[in-house]
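Hi everyone, thanks for coming.

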Amino acid sequence: MADKQAKRIAELIRPLRVKPGSKVDLARDFDPGYKADFVKKKDGGQLLRTGIALLADYQRRLAAQDVYGVLVCLQALDAGGKDGTIRHVMSGVNPQGVQVSGFKVPSAEELDHDYLWRYACRLPARGDIGIFNRSHYEEVLVVRVHPENLDRQKLPAEAKGKGVWDRRYREINDWERYLTDNGFKLVKLFLNLSKEEQRIRFFKRLDLPEKNWKFSAADVRERQRWDDYQRAFSEMLSATSTSWAPWYVIPADHKWFARICAAAVLAHTLIGIDPQYPEVTADRREDLLVVKGELEAQAPKGAPADPFAAKKAKKEAKAAAKAEAKKAEASQVAGNEHRPDESRDQPARASRARSRTASQDGAAQAVPRASRARSGAGTQSRAAQAASQASRARSGAATQGQPAQVSPGASRSRGKGQPT
């Protein structure tokens with residue numbers, strides 16, 4: 001099941017990955033309204049909950065192992081959905097193992113250091129997940145679209161000359177390689193929002209009183225530099241998507257799908273790390289058994305020695321009984337499928353029974369009728385015979401002393417050459 005889940009996650013995020021070394025044209029290569037065909041909005045809530053549960057499990061293991069750290073870098077234009085992504089995707093993890101850092105205009109102290117210093121100060125510890133809401137990539141995005149910010153960084157003249165952006169790309173790649181080599185994995189997500197969807201979300205902030213606080217006139221001014229930002233994003237993705245820290249372009253016009261994708265990319269990274277709970281040594285296990293025996297001896301009268309084990313055994317027994325009942329029910333259903341449906345065949349059987357009963361009743365009634373008919377016929381025949389005999393007797397008595405009369409037929413018969 002775990003391998004199947006990992007395969008599905010990899011399939012979902014594959015189209016979102018920026019191939020290292022590729023030349024990106026954001027408008028041409030990535031559609032902000034993209035949705036995977038095999039992911040439906042009606043299933044989005046359940047998919048996100050599944051992803052959150054998976055992240056929670058891996059985050060516990062990451063903290064227990066205490067070897068790797070994870071840094072999530074979120075970049076987007078205004079109203080791109082960074083805050084909502086953080087709130088929804090990280091809703092199930094332990095807050096003690098996650099820290100979120102937002103980066104706005106640099107402070108005076110931060111400007112007195114190199115441009116990566118303030119980001120290095122917020123890196124996550126081993127076993128933790130750190131989230132940068134806007135990240136060190138602001139140094140090649142906002143600073144590039146607004147070159148006046150470069151002057152505020154107190155750089156020497158040679159550091160601001162030709163090739164400054166290519167140099168910064170190289171420095172960022174080297175820094176991320178350094179972090180990766182030391183056990184800190186990077187998850188880089190760019191929430192790709194269309195210009196029209198941004199306009200709609202701005203109106204939502206203006207029209208809904210509870211969202212007024214999120215709107216800033218500066219957001220509209222930045223919108224006027226849309227094309228400049230698109231070029232800056234395209235060059236940044238092309239130059240800094242590496243094999244050790246690739247970029248994923250998240251289609252952000254559909255919030256539900258964007259959150260699923262963000263969770264999937266983070267889960268994919270954690271699955272790759274595959275953190276494990278530390279194994280206890282034999283000596284340590286013996287110590288634990290000694291302590292366990294002491295605690296069992298302290299059990300109150302009538303209470304189980306190990307309440308956790310007793311509760312677990314009860315739960316397992318209940319689950320086993322439920323499974324057995326389910327198995328028996330399935331077996332019974334399977335058996336019934338091979339036998340006629342008694343309830344469905346019952347009316348037919350009843351009809352046949354009534355038919356047989358009627359037939360038997362008819363036969364039983366027919367037998368007396370036939371017997372009576374035969375008896376009546378026999379009586380009539382005997383009466384006729386008695387009457388015939390009586391008639392012959394009377395006839396005989398009447399003809400005594402008279403010549404016998406011969407019928408014409410008899411006379412003709414005797415007359416054919418025979419003596420009379």
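**A short tour**

Let's start with Q153, which counts as buried because its relative accessibility is 11%, and buried here means under 20%. Do keep in mind that what you see is a predicted model. Where is Q153 placed? You'll find Q153 in the loop that runs between α8 (148-151) and α9 (164-181). And which residues does Q153 touch, once we leave aside its neighbours within four places in sequence? The contacts of Q153 are then L111, Y115, E139, V143 and R168.

Now please turn to a pair of helices, α3 (residues 41-65) and α13 (residues 255-273). Their axes come within 9 Å, with a crossing angle of roughly 30°. Angles under 35 degrees count as roughly parallel, so that is how α3 lies relative to α13. As for handedness, α3 and α13 make a left-handed crossing.

Who meets whom there? On the α3 side we have K41, G44, L47, L48, L54, L55, Y58 and L62. Facing them from α13 are W256, R259, I260, A263, L266, A267, L270 and I271. By type, the residues of this contact between α3 and α13 are 13 nonpolar, one polar and two charged.

Last stop, the cysteines. How many disulfides does a search of the whole structure find? The search comes back with zero. Two cysteines to look at: C73 is buried, at 0% relative accessibility, while C121 is partly exposed, with a relative accessible area of 47%.

Note on methods. Residues are numbered from 1 along each chain as its sequence is written. This is a predicted model: local features need pLDDT of at least 70, side-chain atom pairs count only at pLDDT 80 or more; totals for chains, interfaces and linings use all residues. Side-chain values use heavy atoms; hydrogens and water are left out. Axes are lines fitted to C-alpha atoms, for helices over the stretch in contact, and angles run from 0 to 180 degrees between N-to-C directions. Helices (H or I, at least four residues) and strands (E, at least two) are DSSP runs, numbered from the N terminus. Angles under 35 degrees count as roughly parallel, over 145 as roughly antiparallel, 65 to 115 as roughly perpendicular and the rest as oblique. A crossing is left-handed if the near helix is turned anticlockwise from the far one by less than a right angle, and right-handed if clockwise. Contact means heavy atoms within 4.5 Å. Ala, Val, Leu, Ile, Met, Phe, Trp, Tyr, Cys and Pro count as nonpolar, Asp, Glu, Lys and Arg as charged, and the others, Gly among them, as polar. A disulfide is a pair of cysteine sulfur atoms within 2.5 Å. Buried means under 20% relative accessible area, exposed over 50%, partly exposed in between (1.4 Å probe, protein chains only).
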